[in-house]
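Subject: Structure handover

Hi,

Here is the structure I said I would pass on. Have a look at it first, and then read my notes below.

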Amino acid sequence: MREYKLVVLGSGGVGKSALTVRFVQSIFVEKYDPTIEDSYRKQVEIDSQECMLEILDTAGTEQFTAMRDLYMKNGQGFLLVFSITSTVTFDDLSQLKEQILRVKDYEAVPMVLVGNKTDLENERMVSKEDAFDRAQKWGNIPFYETSARCKINVDEVFYDLVRQINRQTATKEKQRKRFRCNIL
């Protein structure tokens, strides 16, 4: 069974833990306790393949930013989460994305842009269009709007990330085989 290391990143209070717990345990956690670091494991079947997902739910607060490089180095795919009710959390993601690319030293890394808290539509401050445009500018990465409370697109964001990792792995494997054949 293949294992995947997924990392959930974003500012404090955007619902990273709520999304992760909703996905792993199928429950919605109402109260907000700032996370330092939580790790979850869940076995799922994606595209007829058994997968073990190791999900790292990270701190969104500034005091734990030193740990981010380590998360980024070890992660294979990243959920970049913002709250649709906060433009600040949306803007904060640009710096996180750049840090991921710098730490991984790749041009493209499996990522999903996630606008959480769609159940709070009446408090929306980030439009779908702005988020979609940003996802396009960031290399046409997938963009989803989610609600941990209402279980909207929760499974989809994690599954999409695994599919991206699989595509990237398959592409790298083809390149390795081609390289080996050229040497021989």
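By class, how many nonpolar, polar and charged residues does the lining of the second largest pocket have? Eight are nonpolar, four polar and three charged. Here Ala, Val, Leu, Ile, Met, Phe, Trp, Tyr, Cys and Pro count as nonpolar, Asp, Glu, Lys and Arg as charged, and the others, Gly among them, as polar.

Before going further: this is a predicted model, in which local features need pLDDT of at least 70 and side-chain atom pairs count only at pLDDT 80 or more, while totals for chains, interfaces and linings use all residues. Residues are numbered from 1 along each chain as its sequence is written, and side-chain values use heavy atoms, with hydrogens and water left out.

Back to that pocket. The space in it comes to about 270 Å³. Of its 15 lining residues, Ala108, Val109, Pro110, Ile141 and Gln164 are the closest to the centre. Helix 3 and helix 5 (154-183) are the elements that give two or more residues to the lining, and helix 5 has the largest share, with three. (A pocket is an open set of points on a 1 Å grid over the protein atoms alone, where a 1.4 Å probe fits, with protein on both sides within 12 Å along at least five of seven lines; lining residues have an atom within 4 Å of a point. The volume is the space filled by probe spheres set on the points, which are joined across faces, edges and corners.) Helices (H or I, at least four residues) and strands (E, at least two) are DSSP runs, numbered from the N terminus.

Next, helix 3 (87-104). Its 18 residues should span 26 Å at 1.5 Å a residue, and the end C-alpha atoms are 27 Å apart, which agrees; the expected span is 1.5 Å times one less than the number of residues. Among its buried residues are Thr89, Phe90, Leu93 and Leu96. (Buried means under 20% relative accessible area, exposed over 50%, and partly exposed in between, with a 1.4 Å probe and protein chains only.) The cover over the buried residues of helix 3 includes strand 1 (2-10), helix 2 (68-74), strand 4, strand 5 and helix 4. Just after the helix, Asp105 has a positive phi of about 55°.

Helix 4 (residues 128-137) has Ala131, Arg134 and Ala135 as its buried residues. These cover an arc of only 100° around the axis, so they sit on the same side of helix 4; the arc is that of the directions from the helix axis to the C-beta atoms. The face turned away from the buried side carries the exposed Glu129 and Lys137. The buried residues pack against strand 4 (77-83), helix 3, strand 5 (111-116) and strand 6 (143-145). After helix 4 comes Gly139, with a positive phi near 95°.

Ser83, in strand 4, is buried at 2% relative accessible area. Neighbours within four places in sequence aside, Ser83 is in contact (heavy atoms within 4.5 Å) with Val14, Thr89, Asn116, Lys117 and Val126.

Finally, the loop between strand 6 and helix 5. Most residues other than glycine have a negative phi. Lys151, in this loop, has a positive phi near 55° and is partly exposed at 35% relative accessibility. Asn153 also lies there; its phi is positive too, about 60°, and its relative accessible area of 26% makes Asn153 partly exposed.

Cheers
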